[in-house]
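Me: I would like a close look at one part of this model. Please keep the answer connected and give the cut-offs for the terms you use.

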Protein chains: 2
Amino acid sequence: MPAKPPLKNDRLIRALLHQPTDTTPVWIMRQAGRYLPEYREIRKQAGDFLTLCKNKELACEVTLQPLRRFDLDGAILFSDILTIPDAMGLGLYFAEGEGPRFERPLRSEADIKALGVPDPADSLRYVTDAVSLIRQELDGSVPLIGFSGSPWTLSTYMVEGGSSKEYRHIKGMMYQNPAALHQLLQKLTESVTSYLNAQIEAGAQAVMIFDTWGGVLTPATYRDFSLQYMEQIVAGLKREHEGQIIPVTLFTKGGGQWLEVMADTGCNALGLDWTIDIDEARRRVGDRVALQGNLDPCVLYADPDTIRVKAQDIITRFGNHSGHVFNLGHGIHQTVNPNHLGVLVDAVHEFGFEIRK
Amino acid sequence: MPAKPPLKNDRLIRALLHQPTDTTPVWIMRQAGRYLPEYREIRKQAGDFLTLCKNKELACEVTLQPLRRFDLDGAILFSDILTIPDAMGLGLYFAEGEGPRFERPLRSEADIKALGVPDPADSLRYVTDAVSLIRQELDGSVPLIGFSGSPWTLSTYMVEGGSSKEYRHIKGMMYQNPAALHQLLQKLTESVTSYLNAQIEAGAQAVMIFDTWGGVLTPATYRDFSLQYMEQIVAGLKREHEGQIIPVTLFTKGGGQWLEVMADTGCNALGLDWTIDIDEARRRVGDRVALQGNLDPCVLYADPDTIRVKAQDIITRFGNHSGHVFNLGHGIHQTVNPNHLGVLVDAVHEFGFEIRK
């Protein structure tokens, strides 16, 4: 394999590692997504969402699209968080307008016992192939972020059979038969670890674990059923590859109350949603971890002047310190005007330079 | 009007007022609801949900149903949180399996300007009539709790036209035209205040404000667009009626990060969801307010022994102090086995007596 070119823009990696940068780096959750007309075009060509995820050329193309429009400091692999349960044989599909569903949800301990841990070199090969191709196409311009869902978050979909409001089945299992759920989470932990390591070997220069539904737990069940497994994953990841340190970011949506314990997992950075002020978060975790966030995605529905004011507020709150990656507090909404994202990205860099003067 | 009989069981009122009680009082959000077969029977008779809310005899009957089964320390008016927007003329309806919808959502400043503040003696008369009847039927057995949605929560439904995941329209308005939204919230504040006062005059012995969607805000927008209006309402309520103090409870779901400012509104008690430990909450608010909560509703899917353990955990965490009302952290789910609620209610009283020894 030819040596990979050095990074031309390493702000994102430096900020995640709490090293100084010239300005605040920015990338956006779901930056490759439906708010972009060019994405919708490719999506139409692909026919359906899963076909798009599983075709490395198309996945690479949509990963690169937002970088052509905006001065973003990172690319994120275009994929779905449910690739692992799909590889475990649960039969992922997307019902129009309904979000992800599984044909064969897990409802019993027997279902869980029967579950195998997929070899990423086999049934998840399409993901690592996409990573290699994207990394090649990026040609060192910005780093590529790999990702996975957290074991808890994956298990909610696997047990509920799709999205949920009440988490009846998974929490029923958690309270009634915790041992069965721990078995499932342990298998997922092994799988997420090997999956993220395969992404790192294929070229991901940073990885992020999305714990989208950790915030529906109690403090104690969060620690037992979500956090401890993320901690195991962090401990099992290759933190260095080809001489470069690979930063790891944990993001529990709705996890603002638990930042201290999250910072103790050994990760490099924490994602923040918008329900906590970033200065308050920084006070609580100190310099132990970098922070990523935390603009309310709905600010992008406002006019450019308001978007700039809100971006500046977050940068000012964080202050002239290392360790901030600007992002939204959740994925960008599909009905946002793409030009507004351009305004945001430029404002972050402008105010990021300014505060460092 | 004949004098109303004194309360035989005043534990709930005493706990809300931070006075000592013999055991921990308990009531359950949505205790009159679909998990009860006798409720489903009446609901079928009524035809649809709104007809049930608007018929005082039926509303009274379903309010009383859970009290016949369980040793609850309070009754809560059976009604909907969207009665005010309905009385404002937005055309509330319930699409099967879809939750509440409005025929005429508010989308412009002109829509908001045109909105009148309903006189509770007129278009909300069916609610106060139900309150009077329930109070009469309760005959002093336990106190009756009245309630309203918070201005912010009502406005989310009114602007979105129903339930929402992204809060695109309301937050778009909040960031783009905050003055328009403040106008709406001010009208709702006046309306909620007069509505709750009318419930108090009709016989409600405690009132609760449900801020179901306050948790989707940032700390600053929570204070500006939700909390300040609840504070105005608290200041405008009749806090004494017929010689009795009327306690006021605020509940912001997902508001665990903001308990201190909530406690500063002048309310008597705060509702807690399950994402914060009640001992931690108590440490943060001290004795300024009572606390109501905070069991994860999904615990009721577990076996009776587990339910007892989880109830005891919350009572132990709160400790031998006054000012705790046991409740779930959100409404009881419709698929719960009613017998499990009986186990919970009895366990709360048992462990509540024990801890006071």
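Which residue of chain B comes closest to the rotation axis, and at what C-alpha distance?

Reply: This is a predicted model, in which local features need pLDDT of at least 70, side-chain atom pairs count only at pLDDT 80 or more, and totals for chains, interfaces and linings use all residues. Residues are numbered from 1 along each chain as its sequence is written, while chains are lettered from A and ligands numbered from 1 in the order in which they are written.

The residue is B:Gln257, whose C-alpha lies 3.3 Å from the rotation axis. As for the axis itself, two copies of a chain are related by a rotation about an axis and a shift along it. Here a rotation of 180° with 0.0 Å of shift along the axis places chain B on chain A, with an RMSD of 0.0 Å. That is the relation of a two-fold axis. The superposition is by least squares on the C-alpha atoms of residues with pLDDT of at least 70 in both copies.

Next, the surface between the chains. On the side of chain B, 25 residues are in contact with 25 residues of chain A (two residues are in contact if their C-beta atoms, placed from the backbone, lie within 7 Å). The largest share of the chain B side, five residues, comes from α9(B). By class, the chain B side has nine nonpolar, ten polar and six charged residues. In these classes Ala, Val, Leu, Ile, Met, Phe, Trp, Tyr, Cys and Pro count as nonpolar, Asp, Glu, Lys and Arg as charged, and the others, Gly among them, as polar. The same surface serves both copies, since 100% of the contact residues of chain B recur in chain A.

Helix α9(B), residues 168-176, also packs within its own chain: its axis and that of α8(B), residues 151-160, come within 7 Å and cross at roughly 110°. Helices (H or I, at least four residues) and strands (E, at least two) are DSSP runs, numbered from the N terminus. Axes are lines fitted to C-alpha atoms, for helices over the stretch in contact, and angles run from 0 to 180 degrees between N-to-C directions. The two helices are therefore roughly perpendicular (65 to 115 degrees; under 35 is roughly parallel, over 145 roughly antiparallel, and the rest oblique). From α8(B), B:Ser155, B:Thr156, B:Val159 and B:Glu160 take part, and from α9(B), B:His169, B:Ile170 and B:Met173. This contact of α8(B) with α9(B) has three nonpolar, three polar and one charged residues.

Further along chain B, the axes of α10(B), residues 178-202, and α11(B), residues 219-236, come within 9 Å and cross at roughly 30°. These helices are therefore roughly parallel. Their crossing is right-handed (the near helix is turned clockwise from the far one by less than a right angle; anticlockwise is left-handed). The residues from α10(B) are B:Leu181, B:Leu185, B:Thr189, B:Val192 and B:Thr193, and they meet B:Phe225, B:Tyr229, B:Gln232, B:Ile233 and B:Gly236 of α11(B). The contact of α10(B) with α11(B) divides into six nonpolar, four polar and no charged residues.

A further pair is α13(B), residues 278-285, and α14(B), residues 304-318, whose axes come within 8 Å and cross at roughly 25°. That makes α13(B) roughly parallel to α14(B).
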